[in-house]
Amino acid sequence: MADSYIKKLLNNSKSINKDIYKPVFYNLMNSKDKDDFVNLLVSTESIIIIDEIESQLSELIKLRNPKTKFTDTELENKVKNYLNGEPLYDYGVWVYYPWLNKVIHLLNEEEFVEVRTNRNQYKITPEEEIELSKKTIGIIGLSVGKAIAITIAMERICGELIIADFDVIELSNLNRIQTGVQNFNLKKTVIVAREIAEIDPYLKVTCLSDGLTEENMNDFFFPNGKKMDLCIEVCDGLSTKIYARQKAKEFGVPVVMDTNDRGMIDIERFDIEPNLPILHGLVNHLDLNLAKQAKTNEEKVPYLLPMLGLETSSERLKASMLEIESTITTWPQLASGVIMGGGICTDVCRRVLLNQFTKSGRYFVDVETLINDDVIDYISANNAEEHINIIPKTNLDDYKEILKEANEKLFKENDNQSVELTTSEIEKIVKYAIMAPSGGNVQPWKWLYKGRNLLLFNDVNRCVSILNYKNTASLISLGAATENLILKTQQMGYEVEVEKFPLGVGNDLIAAFKFFKTKTDKTVSHQNNNLTDFISKRLTNRNLSNRVPLKPELELYFTNIINNIPGAKLKLFKEPGDIDKLKSILSEVDKLFMTNKVGHSHFIHEIRWNKKEVEETRDGIDINTIDLTPTERAGLIVSKNWNVTKHIKKWKLGNEFGKLSQKAVDSSSALGIITMPSFDANSFFEGGRAVQKLWLAATEKEIAFQPMSINTFLFAKVGDNNFDDIDEIKNELKIQYQNLRQVCALEENEKDVFFFRLAVAPEPKVIALRRTIEDVLMYE
């Protein structure tokens, strides 16, 4: 009784058309579609309605406003405004999937694709997506080909897919083909087309369910009369493999093959290499006309072995080959290889279609070779001894010619007035001198004490930089060190005579110092000696805080300090309009600098990325001295790779490179610039003294001081019309320099030598290290 009842139920059960794979669209703004839709809902038994259009619209709005964090209420209002009075159920389209008996409410095509592919950016740029949407891809064979087709559809690297396979799904397919038991005896083409429609109903799919034949070959390669852009051949048919390539070569269509063994990908660029032999000539020794007649494995092997590459096959595949028609019926395949092949093949095809990969050849992404017990893993390799780039130490031999000239001109036998300082005194003076700031904390000084003279040299190993045009940055640092030396010497009860550029400008001997017990007509006058006690406390403070107005009395005090250096001028900017204009200039210059290869290299080598680098070099900028969020820190680490930054530049993005400057400006009490009356070595040296006086005064008044002078050092090249290494950004730099001069109201010959910000901020917890006395001080 039960058996007969079951048979009756089975015989009476309804089944949908096994060949249906296209969904039906209903646009309710169209009256006929609306009537048809109503009829569908009324007449279709147990139809399932899925309406999540509001969540799709919410996501669309969020993705179009990536910087905004909406509340639920704000987002709900945005959706209402976006609909502009249109009923929610009328918006977009309703898509009916007959094989699922489901009708689903979706965004219209343009918005649907925008949201669905949003996470592609910028691995695929918007411009590339537009180009790819015009492409047509054909796939022959849907075992391995199913994984490829689905991945292509998910990534949406084409606007149309032509899929060809004559076979149906069987139980033994389910070890490698992602589908379910409900699809037994369904055509593979139909299964693939349905799954794609469920992912993206707008993606056009054409099925050739008889496989690829001589009769439909032109329909395959020329769908709708237009030649396809790429053919993926992953079928089992020997003659089809050969004939498809012969036609692809004839039509100039590139062919990509994936074998899912050892991650092998084969590429034949018949589109740009019309004379390329099929399968790279591996089967040239065979009569290809006889391939059709090969029915048994015995007859197929002579063709398949060179095609697939016996010598490059995995060991397990080679061993399995010996068991075909003995203990197994055909070549083994694994889901892991098939699914990985889908990803590899899609990646290659995308780059071929975008003309980013133009070579023909055979390649392997062999997981067993890449990951095994004999391979050193990334963590172990990364924990190995890391090479740290330490700038070589200069010595007397580096200044041999200069010292020869100095011996002739500077050291006199009858110098009885100056004082011979003890080693302890010299080292104390130099110790305070080298507490001075320097661009990128490079510390470009070398000192020599000889015959009662202390000589200050530009360190020849520390002066080569895109930001040190004509040694302008070095001269500012050496001027700052000189100011420290003067203050400390006077505090110790000595007077000091400074001879600048004693052997002439352009020489690496920057200054010579003599020490006296009493004042002479050449010793430096005493000014601002109260600042000496703040030399050891001075530091770069990059910490961020809320903006606090700068008190007028401090502005007056700082101005008077600067006025002690002849020719130096201080300009402070506190008005919101000026600050916003300067912020725009600073951030744009930072962006230009970071997306220039030479500038990028300078920045990456200037930063000390870990504790070991900090301690072993004792120079550069410790990344921990920069007030960074975890995301910003990660961004800097990622951008170390020039190829990453190069993509940002190519895509005309990179505003994030100016974000640190923007945040710094936003938390500033004032922005400031120090100028000198001309562009020459003495102006930058004296400008350095002015910088240090101001910095010490700010330290005294507990005001945070941070240099922001990348622009100043680059603008030195602009002012001199020299664009070596930065020619590609010269026009933008010229514009920004003019903008700076205009905002800062600089006179015609007035030269900006240093730009900075002042703020009220907590003291840094991490302080930059200094090179040791032994590194910087020599005796003779």
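The legends below describe several close-up views of a predicted model.

**View 1**
Helix α3 covers residues 53–64, and its twelve residues, at 1.5 Å a residue, should span 16 Å; the C-alpha atoms at its ends are 17 Å apart, which agrees. Within α3, the buried residues are I53, Q56, L57, S58, L60 and I61. An α-helix has 3.6 residues a turn, so residues three or four places apart point the same way. The elements against which the buried residues of α3 pack are β2 (48–51), α4 (72–83), β4 (102–106) and α5 (109–116).

**View 1. Helix α10 and the residue that follows it.**
Buried in α10 are L238, T240, K241, I242, A244, R245, K247, A248 and F251. One of these buried residues, F251, also belongs to a cluster in which ring pairs link F220, F221, F222 and F251. Just after the helix comes G252, whose phi is positive, at about 75°.

Across the whole structure, a search finds 20 aromatic pairs. In the pair of F679 and F684, the ring centres are 5.4 Å apart and the planes lie at 80°, so the pair is edge-to-face. F679 counts as partly exposed because its relative accessibility is 31%, whereas F684, with a relative accessible area of 2%, is buried. Rings also meet charged groups: the charged end of R262 sits over the ring of F364, at 4.6 Å from the ring centre, and R538 lies over the face of W695, 4.5 Å from the centre of that ring.

In strand β15, residues 509–516, eight of the eight residues are buried, so the strand is largely enclosed by the rest of the structure. Strand β13 (residues 453–458) pairs with β15 in the antiparallel sense over five bridges, and in this pairing L455 stands opposite A512 of β15. Strand β14 (residues 495–500) also runs antiparallel to β15, to which it is joined by six bridges, and here E495 stands opposite F516 of β15.

**View 2. Strand β16 paired with strand β19.**
Strand β16, which holds residues 569–573, is mostly covered, for four of its five residues are buried. The strand pairs with β19 (residues 670–676) in the antiparallel sense, over five bridges. As an example of the pairing, L572 has G672 in β19 as its bridge partner.

The largest nonpolar core has 106 residues, of which W447, F558 and I674 touch the most other members. Helix α26, residues 681–700, gives the most to this core, with ten residues. Leaving out residues up to four places away in sequence, W447 touches V430, A433, I434, L454, L455, L456, A481, L485, F513, V776, L777 and M778. Another core, of 39 residues, lies apart from the largest one, and its members include I150, C158, L161 and I232.

S661 is found in helix α25, which covers residues 659–666, and at 8% relative accessibility S661 counts as buried. When residues up to four places away in sequence are not counted, S661 touches L586, S587, D590 and M708. L653, by contrast, lies in the loop between α24 (642–650) and α25, where L653 is partly exposed, with a relative accessible area of 27%. Setting aside neighbours within four places in sequence, L653 is in contact with Y122, K591 and I648. The C-alpha atoms of L653 and T595 are separated by 9.5 Å, although the two residues stand 58 residues apart along the chain.

Methods:
Residues numbered from 1 in each chain as written. Predicted model: local features only at pLDDT ≥ 70, side-chain atom pairs only at ≥ 80, totals over all residues. Heavy atoms only, no water. Buried < 20%, exposed > 50% of the residue type's maximum accessible area, 1.4 Å probe, protein only. Helix = DSSP H or I, 4+ residues; strand = E, 2+ residues; numbered from the N terminus. Phe/Tyr/Trp six-rings, centres within 6.5 Å; stacked < 30°, edge-to-face > 60°. Lys NZ or Arg CZ within 6 Å of the ring centre and 35° of its normal. Contact = heavy atoms within 4.5 Å. Pairing = 2+ DSSP bridges. Core = buried A, V, L, I, M, F, W, Y, C linked by side-chain atoms within 4.5 Å. Expected span 1.5 Å × (residues − 1).
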